[in-house]
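Hi everyone, thanks for making time.

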Amino acid sequence: MKKIIFGIVGVMVTVLPASAEVDMAEIKAACEASDELLWDNSNEYCIPKNPCLDETGRYSQYCNWKTFENVYAIYYNEWKPLVKIYAKTHGLNCEPLRTENNFVWCTGKDLKVFYFSSANDNNQQYLNEKFAASQKDSLFRTGKAFKDAVCKNALGGQVVKVEEGFAYECKISASKCDIVKSILDEDSFFGDKSTVMVNPATNNCVITTSID
């Protein structure tokens, strides 16, 4: 039994006096049953559904505004491998599961919400319905390249060489390169269109993909 004082502005998980002792399982169940709240498994804490939009700044540790702020993940659900790569290489135990209004929720043992310039579910269908071919080409050209987003944004790496065709060298550790390969390979769409390997001459990660 633990004493809980709810600090969520405008939302009450359950009607209890501030000093009441309640079972943590009951709090978790009430939090998860709400459309306006999220449960943080690591800290056993109930937070607003989108902590990034909380004006008090009380939940800022749950929000990542900067990493993907210039990334347009409008094709092929690129936000999924990008967030997976970031999580795996930054010690987060979570999976990117959904998007809403340019935000991506990564949930699991850890909880983090990422902001993108654009991120949508069912992207190809969305584009086919909303944009003509010429408009899609324009969006594609102005969007952040997938390889660039993997290297610079998700991994915080440095681009050191770009060869003719699709080859692209990113200066990161070999272990991070292996993580990129495993994550892209686990999704048949990305795996079929990409190869990732360490260049033995430079020890850089070579990312080859036809996605962009």
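**Cysteines, a helix and a strand**

Let's start with Cys106, which counts as buried because its relative accessibility is 0%. Keep in mind that this is a predicted model. Cys106 has a partner: a disulfide joins it to Cys94, with an S to S distance of 2.1 Å. The torsion about that S-S bond is about 95 degrees, so this disulfide is right-handed. The two cysteines sit in distant parts of the chain, twelve residues apart, with Cys94 in strand β7 and Cys106 in strand β8. Cys94 is buried as well, at 7% relative accessibility.

If the word is new to you, a disulfide is a covalent bond between the sulfur atoms of two cysteines.

Number the bonded cysteines along the chain, and the pattern goes 1-2, 3-4, 5-6, 7-8, 9-10.

Another of these links joins Cys52 to Cys63, S to S 1.9 Å. Here the angle about the S-S bond is 110 degrees, and the link is right-handed. Cys52 is buried, with 9% relative accessible area, and Cys63 is buried too, at 12%.

Cys177 and Cys205 form a disulfide with their sulfur atoms 2.2 Å apart. Cys177 is in helix α6 and Cys205 is in strand β14, so the bond ties together parts that lie 28 residues apart in sequence. Both of these cysteines are buried.

Let's look at each end of that link. Helix α6 covers residues 174-185, and its twelve residues reach 16 Å from first C-alpha to last, close to the 16 Å expected at 1.5 Å a residue. Which residues of α6 are buried? They are Cys177, Ile179, Val180, Ile183 and Leu184. They cover an arc of only 155 degrees around the axis, which means they are on the same side of α6. The buried residues of α6 pack against α2, α5, α7, β13 and β14.

At the other end is β14, residues 205-209. Four of its five residues are buried, so the strand is largely enclosed by the rest of the structure. It pairs antiparallel with β13 over five bridges, and Thr195 stands opposite Thr208 in β14. It also pairs antiparallel with β12 over two bridges, where Cys170 stands opposite Cys205.

Terms used
Residues are numbered from 1 along each chain as its sequence is written. This is a predicted model: local features need pLDDT of at least 70, side-chain atom pairs count only at pLDDT 80 or more; totals for chains, interfaces and linings use all residues. Side-chain values use heavy atoms; hydrogens and water are left out. Buried means under 20% relative accessible area, exposed over 50%, partly exposed in between (1.4 Å probe, protein chains only). Two strands pair if DSSP finds at least two bridges between them. The expected span of a helix is 1.5 Å times one less than its number of residues. The arc is that of the directions from the helix axis to the C-beta atoms. Contact means heavy atoms within 4.5 Å. A disulfide is a pair of cysteine sulfur atoms within 2.5 Å.
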